[in-house]
Amino acid sequence: MLAGELESWLPHFQSLEKQVADAVEIAWPNCISPLQSKKDDMTHEDRITDHLVQSLIRAKSLPGRIVSQYVLLVEDDNGNVTLSSKIDFVLTVGNDEDVYLACECKRLNVPYETGTKGLFSEYVEEGLMRFVSGQYSNGLPVAMMLGYVMDGRADHAHNGIKRAIKARTSTIRLNSERDVHLGTGRPLRFYTNHNCVPGHNIEVGHTLLAWP
């Protein structure tokens, strides 16, 4: 776990989050290029994330190690260890396995034969909520989420997520939210701040990546 006050680590983690978000933006075209011809049957969430992680690793631009499917283990009172869950990927921070910048990835505006599904509730309840509950990033000040916007409509996806967040303000223990304006053609970013169940605040950086 982090040594010292959590607030003293916040600027460092915020800097790391920005570096990862910038690296993801650069890697995104290379990530999806091999998948373009297989868009209908090969663009499941994990498949996209695998390509993105590989692109980030090859770029060698981040101050840490990118680990895909980061395993979280829990130990009960009797010393029995079990697999709790896996984070889509993390950027390691130092040598402590409990200190990392986590990134959870979700698809949005996904086309199906029956029509497009926004999956905004799933983004909040099955993604964001894992940080709020302390399942992921327990005791850490910052985390990340990536939204793969499969129909390219990032603004629409952002509005859908905002509605889902507003409907669950109490459940996700929301303190604040703020948008970041990066300019035309760039990924859409915004931040939410939450009072986690374990009792500390966590800032989650959201990046919405439009599939062309």
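User: Before we start, what should I know about the model and its numbering?

Analyst: It's predicted, so local features need pLDDT of at least 70 and side-chain atom pairs count only at pLDDT 80 or more, while totals for chains, interfaces and linings use all residues. Residues are numbered from 1 along each chain as its sequence is written, and side-chain values use heavy atoms, with hydrogens and water left out.

User: Which strands does S8 pair with, and in what sense?

Analyst: Strands are DSSP runs of E, at least two residues, numbered from the N terminus; two of them pair if DSSP finds at least two bridges between them. Here S7 (residues 174–180) and S8 pair antiparallel over six bridges, with arginine 178 partnering tyrosine 191 in S8. Eight bridges join S8 to S9, also antiparallel, and leucine 188 stands opposite leucine 208 in S9. S8 and S9 form a hairpin with five residues between them, and glycine 199 in the turn has a positive phi of about 110°.

User: Is threonine 207 buried or exposed?

Analyst: Buried means under 20% relative accessible area, exposed over 50%, partly exposed in between (1.4 Å probe, protein chains only). Threonine 207, in strand S9 (residues 201–210), has 0%, so it's buried. Strand S8 (residues 188–195) has seven of its eight residues buried.

User: How many disulfides are there?

Analyst: A disulfide is a pair of cysteine sulfur atoms within 2.5 Å, and the count here is zero. For cysteine 31, the nearest cysteine sulfur, in cysteine 105, is 9.5 Å away. The sulfur of cysteine 105 is 4.2 Å from that of cysteine 103, its closest, which is too far for a bond.

How values were computed. Helices (H or I, at least four residues) and strands (E, at least two) are DSSP runs, numbered from the N terminus.
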